[in-house]
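Student: I would like to learn how to read sheets and helix packing in a model. Can we work through one together?
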Amino acid sequence: MPIQNLYIQDTIIASASASGIGGINVIRVSGPDVEMVAKIVLGEIPRARMATYKKFLNEQKDLLDIGVAIYFPAPDSFTGESVLELHAHGGSYIGANIIRTIISLGARYADAGEFSKRAYLNGKIDLVQAEAIADLIASGTKKSAQAAMNSLSGTFSDILKNLNEQLMYLRLYVEAAIDFPEEELDFLSDAKLHNHLEGCERLFYKIKNNIKQGQILNDGLKIAIIGLPNAGKSSLLNLISGQETAIVTDIAGTTRDIIKAQVDIDGLGVEFFDTAGLRDSPDLIEAEGIKRTKKAIKSVNLALWVHDASTAQPFCADNLPSDVSSIVIYNKMDLIKSNQEYVDSKNQYIYLSANTGKGLKKLYAAIKKSVGYQNAGEGAFTARARHAEAIGKALNHFISGKDKLIKDRAGEIFAEEMRLSQEALGEITGKITSDELLGKIFSEFCIGK
């Protein structure tokens, strides 16, 4: 059933293909005027869900293009409305000309994410699945793409549905006990109730952890490689990226600007930043690089401080940035005869050679541990910050209600807290949401989705 029908008199159009020159440009039309548009542009309404080779015409019967048309009648379409897809030749002029023609027939250009938004409003997908569409498009690793696909197929939604059913059972169980006091049943002594409470709490914490993993998988990490000049920062970036991304010399201050490399670590997308060496007396250009380094540190999830272990200069923990988590790397271990490893309870040290690659696996393990990332399994799904906030709110209501029930025998308060917990879960799937939230979510989509 439609959740809300805001566009009953409104037909939208947009290209669903990336901008630029390409072989095919897919133009998507959705709304109540699709059949009228098809009759004018194609000369007829094509057979439903069949690819049909057609001429594309304007109202004056001028030929715009020749391509493939696919018609999806409502409600059996992605948006739940009648949809027409025109697979035209690529190129900015041809697509723009077709779109202008259809706009002249009464359609308007779609907003970002508006096709997905209509699918949500018409009950074709929930909000988690809608967000998964954007996550799938933006995914940078095989595992993040699979996790987004799991969310799109309903894995995350089904887990939330199960939790919601558990909360509903507890709520109805206690409300029934309150409504029939003449039965003189001490429901708090019922082992079945306690088992359900404990099982529900375990499920909450499991979902909370899975959401954390999904959020890390979806967002990826930004990591700055920092340290003194000639510590081997650029060599480390080259080792991590597997190519000569950064220039490496013995001259201090070689790196002046931020150099980036995107790496897949066990399905986790990580963007590394090689930065200018930090020192007190740089030249003018190098000083600008150091300024950018300090700015970059403020925007990353983690900093890797690279220390040259082959020098007599000891590492000073005071050098570490105070506003971001750090891992200290003792680099150039291949130049050291002694393999002594220094111990410091406050800092995590990794012993590595950017020249030989020894220690890189330990560094990757330390990175994953520092952010709490576990290798994504087959059932992993993508998640967002708002999901984590909502599940935290739902869990707080559950814990509060459980405590009131067990300690104070306050069944009415327990039932109300379970209702509030269910409402918080509804914020994730979109059963309970606001126009402001919808606007924010779908504005992040690309045009044509």
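Student: Start with a single residue. Which residue stands opposite Val263 in E9?

Tutor: Val270 of E9 stands opposite Val263. Before going on, note that this is a predicted model, where local features need pLDDT of at least 70, side-chain atom pairs count only at pLDDT 80 or more, and totals for chains, interfaces and linings use all residues. Residues are numbered from 1 along each chain as its sequence is written, and side-chain values use heavy atoms, with hydrogens and water left out.

Student: In what sense do E8 and E9 pair, and over how many bridges?

Tutor: Strands of a sheet pair through backbone hydrogen bonds, either parallel or antiparallel. Here E8 and E9 pair in the antiparallel sense, over seven bridges. Two strands count as paired if DSSP finds at least two bridges between them. Strands (E, at least two residues) and helices (H or I, at least four) are DSSP runs, numbered from the N terminus. E8 and E9 form a hairpin with two residues between them. Asp266, in the turn, has a positive phi of about 50°.

Student: Which residue in E9 is the bridge partner of Leu221?

Tutor: Val270 of E9 is the bridge partner of Leu221. Strands E7 (residues 221-227) and E9 (residues 268-274) pair in the parallel sense, over five bridges.

Student: What is the order of the six strands in this open sheet?

Tutor: The order is E8-E9-E7-E10-E11-E12, with mixed pairing. Strands E8 (259-265) and E12 (349-351) stand at the edges with a single partner strand each, so one side of each is left without a neighbour in the sheet. Neighbouring strands of this sheet are turned by 25° against each other on average, direction ignored.

Student: Which helix lies across E7, E8 and E9, among other strands?

Tutor: Helix H10 (residues 360-371) does, and it also lies across strand E10 (302-308), strand E11 (326-331) and E12. H10 runs at about 170° to E11. Axes are lines fitted to C-alpha atoms, for helices over the stretch in contact, and angles run from 0 to 180 degrees between N-to-C directions.

Student: What is the strand order in the open sheet that contains E3?

Tutor: Its six strands run E3-E4-E5-E2-E1-E6, again with mixed pairing. The edge strands, E3 (52-57) and E6 (108-109), each pair on one side only. Strand E1 (residues 12-15) and E6 run parallel, joined by two bridges. Arg108 in E6 is the bridge partner of Ile12.

Student: Now helix pairs. At what angle do H4 and H5 pack?

Tutor: Two packed helices are described by the angle between their axes and the distance between the axes. For H4 (residues 127-138) and H5 (residues 142-153), the angle is about 160° and the axes are 8 Å apart. The two helices are therefore roughly antiparallel. The cut-offs: under 35 degrees is roughly parallel, over 145 roughly antiparallel, 65 to 115 roughly perpendicular, and the rest oblique.

Student: How do the axes of H4 and H13 cross?

Tutor: They cross at roughly 25° and come within 10 Å. That makes H4 roughly parallel to H13. Leu127, Ala130 and Glu131 of H4 make the contact (heavy atoms within 4.5 Å) with Leu438, Ile441 and Phe442 of H13.

Student: How many aromatic pairs does a search of the whole structure find?

Tutor: Six. Rings of Phe, Tyr and Trp (its six-membered ring) pair if their centres lie within 6.5 Å; planes under 30 degrees apart count as stacked, over 60 as edge-to-face and the rest as tilted. Tyr120 and Phe442 form a tilted pair, 6.4 Å centre to centre with 35° between the planes. Tyr120 sits in helix H3 (residues 114-121) and Phe442 in helix H13 (residues 435-443), 322 residues apart.
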